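This report walks through part of a model, beginning with a turn and ending with a helix. Please look at the sequence and structure first.

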Amino acid sequence: MLKLKLFVILCLAWLPLQARACPVPVNDELGIHLDTLNRERQRAGLPAFTLSAELTRIAQDHACDMSRRGYFSHNSPDGRGMMDRLANARVTGICRAAENIAKGQRDVPHVMRVWLQSDGHRRNILDQRLTLVGFGRAPGAYWVQLFAAPC
């Protein structure tokens, strides 16, 4: 009987963790996002971005954190910003970085339209010094683009 009670307690404790899970974007979505960005850069005569798994993981973590904790900002409630996230992930060799965030758009075409209509976000997308990109998307339609330039 004690084993059954312990099993039930463990299952009940595990359920909330599953409810808070933050699924990563599927590869097809990452490809669409990268293609959309690179078409825009091509129109401006710029080289294509390279998708970085490391930046994607950091962008995804930030999107999930915003979704889980219910905030929308480049800085987390505890004050950590983009450069802190890069440092905490032990990313080295990055001399320049930028970040776009959005909330509420249902898919890549919609979020890209919003970013491209914003001067600051568009400037990040078309910054010729930035060559690497990572993407994140979390429930509640939280979106993150993380850009970087190696040293």
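## The hairpin

Three residues separate strands S3 and S4 in their hairpin, and Gly140 there has a positive phi near 90°. Strands here are DSSP runs of E with at least two residues, and helices are runs of H or I with at least four, numbered from the N terminus. The model is predicted: local features need pLDDT of at least 70, side-chain atom pairs count only at pLDDT 80 or more, and totals for chains, interfaces and linings use all residues. Residues are numbered from 1 along each chain as its sequence is written, and side-chain values use heavy atoms, leaving out hydrogens and water.

## Strand S3 and its partners

S3 and S4 pair in the antiparallel sense over seven bridges; pairing requires at least two bridges found by DSSP. Ala138 has Tyr142 in S4 as its bridge partner. With S1 (residues 50-51), S3 pairs in the parallel sense over two bridges, and Thr50 stands opposite Leu132.

Five of the seven residues of S3 (residues 132-138) are buried, so the strand is largely enclosed by the rest of the structure. Buried means under 20% relative accessible area, exposed over 50%, and partly exposed in between, with a 1.4 Å probe and protein chains only.

## Tyr142

Tyr142 counts as buried at 7% relative accessibility. Leaving aside neighbours within four places in sequence, Tyr142 is in contact (heavy atoms within 4.5 Å) with residues including Ala63, Tyr71, Phe72 and Gly136.

## Helix H5

In H5 (residues 108-116), the residues Val108, Val111, Met112, Trp115 and Leu116 are buried. Down the helix axis, the buried residues of H5 fall within an arc of 130°, so they line one face. The arc is taken from the directions from the axis to the C-beta atoms.
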